[in-house]
Amino acid sequence: MKKARMSHHKVEGVNQEECCVLCRQSEDDPALFGEKVTLKEPKLSAHYFCLLTACGVQQGGEEHEGVSGFLVKDIHQEVRRSSRLACSLCKKKGACVGCNVSSCRKKAHYPCGRKLKFISQFTESFPSYCSDHSPSQTACVSADLSLPQSCSVCLDSIEPVLGYSVLKCPSCHHSWFHRACVQRQAHSAGLFFFRCTLCSNKEDFQQEMLRMGIYIPERDASWELETNAYSDLLEVYEHCDASTCLCNDGRTHSYTSGWFEVIRCRLCGSTGTHRKCSGLKVDATDWACSGCTQATDGRASLATTPQGRQRKSQLSKRQLTPISSKSRLLSGGSPEQILQALGPQLRPLSVTLEVEGDQALSAGLELVRKPDFDPTHTLSVRFKDSLQTTFPSSLQDSEMAKEHFLKLLVQQIHDSEVFEGPEGSKNLALDSKALRDDLYFDAGCLLALSLVHGSPVGFFSHALFQCLFNYPPNQPLSVKHMTPYTHFTCQVSGIADAETLDDVKDVMEESWEFMELAGCNRPIGSLQEREALVEDLVSFMMITRLQLPLQRFREGLQTLGVFDQVQLFPAVFLGVLCDTAVRLTAQTVDQIFTVNFSEQEERLSREKAVVPFWRDFLQDCEDGKTSISLQDLLRFSTGSEDLPVSVLLPPPSISFLHPPAQSSRIRKRKGGLFPQSKPASKHLLLPISSSYQAFKSSMEQVISHHVHLLPTQSS
């Protein structure tokens, strides 16, 4: 009987040793089944995907052991386990892939599972799901109504209905493709080059494709692995193409320097000349051939304008520091903890930033546009008093100067042409000059640096946060998310608020140019169709027309891994980027300070008695029962008037100021000790006092004196 059952697995005309031991099929298509590995001793073949998705086998060895780390004994054990399980499609034994939902009993061989529309996720524990429980995609309601008719990979016709066989890009929603096509694309492109063929989104696209069962090999692209694939590109053109060559050694000879070194056209690179042959200076490196000069109407110098040099510098800025593994583990942490985990990327090597007056944004842009800009360098800020005005002496301290610079920088970015909207709730604005200058990238880069260096942002609108990080996920934008009081917002609001269909048509007729621009000038037959039209218009205004600014702003925020951390934990960062500065309360101020007690028993008892005084004083500051505010106290202690987003090197702390035992007479005459602060290290020394009234009096005297003196001290 057992022998008869086994005979059902045999395939006529196929050597059984070439068949996979798990699915009993001989197909060798690495893109669809994974690499088929055949061992000579013992004789065994297996598809890589069959091993990954099998429920009862683990990768117990190293990569070079067994079949890609799957040990032979474990494979045989899985064959024995699955030999009792019947496939839901072919009804044969050996079904090693089961639905991950515990209440579902469907099982299949991996190739049969594909026919049954099983989805296997090649990540973490490699779960598989049957068609009843598999993840799915939905068409974005804000997408263009003209659904794609062709696959963006193979360009063949496609049925525009999302399902197992047809998938779409989660970012642009316009790129739809066959499952088999995108799987072959992933197999060819590998982890480093696999992205949407239309919008080039990589992070969201790869995450969504993994969710929908696409395997992405962790290797370079197949074209990069081909031996000597680009060897021709390594050949440097060295031939003098001048009408008359003056070199005695001929046109193909090139010295390493001097008159007869061949220099190439900096536009096409495929034409050369000796300097002497074209009448150039002996140290000239900037030359364009006659063909390129004619093609640019004699303005070949456009290729090396300052804008061109700026673009070059931004290529270096894309070499952003990867996210540390430590920060990935902080799934339950606060923004402060997550950003602190990025802090170790900052190296001791510092870069000095000189700021003219209050021109923080100009200084920041000059910094990030330098070709050798490295975001991992720590910042050292120095203010230059070009107008001979008086700066507070605190700005001579490096830490205080940096905090003041970052605060100015964030405010000036907030007020720049990159953003529009009400105070503290900004959307991205569309500005052609900002696009040409790549200011969106620079603004994102500077805001990322500000966050990691401890300066709060807190002015993004919730709509901007959703456009950047898709949080809350898959929520359509509405008219209320648009920038208020703009011409286009008023037009969309007019359509949304119209009470009758005739009113809708009247507003549409008045706004026909805008409707044409948005691709939404279509007849409306009911108020229900009006709702879909409004969603399309909002999507056009907030997403479609701002795709390039959003993309460059995201890439800027990638600096030091900030964007990736926000995308991993959007709920944690929502209040950091969207809400204005946290309202100071006695409780929040108390929580950010760490109290360091002495080890000596006598001192410890005195210090513990002062802690209630400290908390009562904070409450009095909040309730207005003192002459100073919580902002004054925080400024005295840390140099900042607001709660910092992340406090690095080190967090604020408190210790205690004990009087020498022999100075009791002096203490009595002077009225007690006074608090001291070290803003650079964010350290506060509280005086040991015998009563709350004495503690409160000493705190008020010193902090009031500090607050009132600080603005008028000369530097």
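This is a predicted model: local features need pLDDT of at least 70, side-chain atom pairs count only at pLDDT 80 or more; totals for chains, interfaces and linings use all residues.
Residues are numbered from 1 along each chain as its sequence is written, and side-chain values use heavy atoms, leaving out hydrogens and water.

**View 1. Helices H17 and H24 cross.**
Axes here are lines fitted to C-alpha atoms, for helices over the stretch in contact, and angles run from 0 to 180 degrees between N-to-C directions. Helices (DSSP runs of H or I, at least four residues) and strands (DSSP runs of E, at least two) are numbered from the N terminus. The crossing of H17 with H24 is right-handed; a crossing has this name if the near helix is turned clockwise from the far one by less than a right angle, and is left-handed if anticlockwise. From H17, His-462, Phe-465 and Phe-469 meet Pro-570, Phe-573, Leu-574 and Leu-577 of H24, where contact means heavy atoms within 4.5 Å. By class, this contact has 6 nonpolar residues, 1 polar and no charged. Ala, Val, Leu, Ile, Met, Phe, Trp, Tyr, Cys and Pro count as nonpolar, Asp, Glu, Lys and Arg as charged, and the others, Gly among them, as polar.

**View 2. Helix H13 packs against helix H16.**
H13 (residues 360-368) and H16 (residues 439-452) pack at an angle of about 100°, and their axes are 10 Å apart. That makes H13 roughly perpendicular to H16; this term covers angles of 65 to 115 degrees, with those under 35 roughly parallel, those over 145 roughly antiparallel and the rest oblique. On the H13 side, Leu-361, Gly-364, Leu-365 and Val-368 meet Leu-439, Asp-442, Cys-445, Leu-446 and Leu-449 of H16. The contact of H13 with H16 has 7 nonpolar residues, 1 polar and 1 charged. H13 is largely enclosed by the rest of the structure, because 7 of its 9 residues are buried. Buried means under 20% relative accessible area, exposed over 50%, and partly exposed in between (1.4 Å probe, protein chains only). Among the buried residues of H13 are Ala-360, Ala-363 and Leu-367.

**View 3. Four strands make an open sheet.**
The 4 strands stand in the order E15-E16-E18-E17, with mixed pairing. E15 and E17 (676-678) are the edge strands; each has a single partner strand, so one side of each is left without a neighbour in the sheet. Two strands pair if DSSP finds at least two bridges between them. E15 (residues 594-595) runs parallel to E16 and is joined to E16 by 2 bridges, with Thr-594 opposite Ser-653. E16 and E18 (residues 683-687) also run parallel, joined by 5 bridges, and Phe-656 has Leu-686 in E18 as its bridge partner. E16 (residues 653-657) is mostly covered, with 5 of its 5 residues buried.

E17 and E18 pair in the antiparallel sense over 3 bridges, and Lys-678 stands opposite His-683 in E18. H26 (residues 601-623) packs on the sheet and touches E15, E16 and E18; its direction makes about 120° with that of E16. H27 (residues 630-638) packs on the sheet too, touching E17 and E18, and its direction makes about 60° with that of E17.

The peptide bond from Glu-41 to Pro-42 is cis, with omega near -5°, and Pro-42 is found in the loop between E1 (36-39) and E2 (44-47). The bond from Tyr-471 to Pro-472 is also cis, with omega near 0°. Pro-472 lies in the loop between H17 and H18 (487-497), and Tyr-485 lies in the loop between H17 and H18 as well. Tyr-485 has a positive phi, near 70°, and is exposed, with a relative accessible area of 78%. Arg-24, in the loop between H1 (2-7) and H2 (30-33), has a phi near 60°, a positive value in a residue other than glycine. At 22% relative accessibility, Arg-24 counts as partly exposed.
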